[in-house]
Amino acid sequence: MTCIFCKIVAKEIPATIVYESDTILAFHDVNPKAPVHILVIPKKHLPSLLDFNQTNATLLIDIQQAILNVAVTLKIDDPGFRVVTNVRDHGGQEVNHVHFHVLGGRKMLWPPG
Ligand code: 5GP
Ligand code: ZN
């Protein structure tokens with residue numbers, strides 16, 4: 001197993017976990033780009049957003065529930081926050097295990113670079 005996020009799921013490498021369910025893990029990004037920067041991932045290895053389909057679509061509901069939980073727990077639900085998923089090379093994806101960045105604690109810029 002070479003996937004770094006699968007290793008975090010397996011607790012083989014440490015992470016600061018803020019939410020865990022049967023299907024989802026959320027933890028602090030090791031190199032935060034905002035005062036709050038959480039990564040929300042399915043425990044199952046899927047490479048990117050492109051790999052959701054009719055069979056596993058309930059994972060997207062689970063991810064939304066995790067994002068809601070994280071946002072409320074870390075008190076960024078109001079005034080708000082940003083959710084980003086980078087897809088493949090031009091999207092800026094560096095870890096090929098789908099993840100949703102939850103960024104908050106400051107006003108986000110738009111458009112992103
Ligand atoms: P991407 O560029 O693929 O959208 O985002 C990957 C994110 O994973 C980056 O923000 C990076 O800081 C984070 N990251 C990479 N390796 C690790 C790690 O071992 N632990 C944690 N917590 N975050 C990581
Ligand atoms: Zn993985």
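**A strand covered on both sides**

Both faces of β3 are covered: Val36, Ile38, Val40 and Pro42 on one side, and His37, Leu39 and Ile41 on the other, are all buried (under 20% relative accessible area with a 1.4 Å probe, protein chains only; exposed is over 50%, partly exposed in between). Seven of the seven residues of β3 are buried, so the rest of the structure largely encloses this strand. Helices (H or I, at least four residues) and strands (E, at least two) are DSSP runs numbered from the N terminus. This is a predicted model, with local features needing pLDDT of at least 70, side-chain atom pairs counting only at pLDDT 80 or more, and totals for chains, interfaces and linings using all residues. Residues are numbered from 1 along each chain as its sequence is written, chains are lettered from A and ligands numbered from 1 in the order written, and side-chain values use heavy atoms, leaving out hydrogens and water.

What about the neighbours of β3? β2 and β3 pair in the antiparallel sense over five bridges (pairing takes at least two DSSP bridges), and Ala26 has Val40 as its bridge partner in β3. β3 and β5 also pair antiparallel, over five bridges, with Val40 opposite Phe100 in β5.

Val40 and Phe100 turn up again among the residues with the most contacts inside the largest nonpolar core, which has 18 residues. Such a core is a set of buried Ala, Val, Leu, Ile, Met, Phe, Trp, Tyr and Cys residues joined through side-chain atoms within 4.5 Å. β2, β3 (36–42), α2 (58–73) and β5 (100–104) each give it two or more residues, and α2 gives the most, with six.
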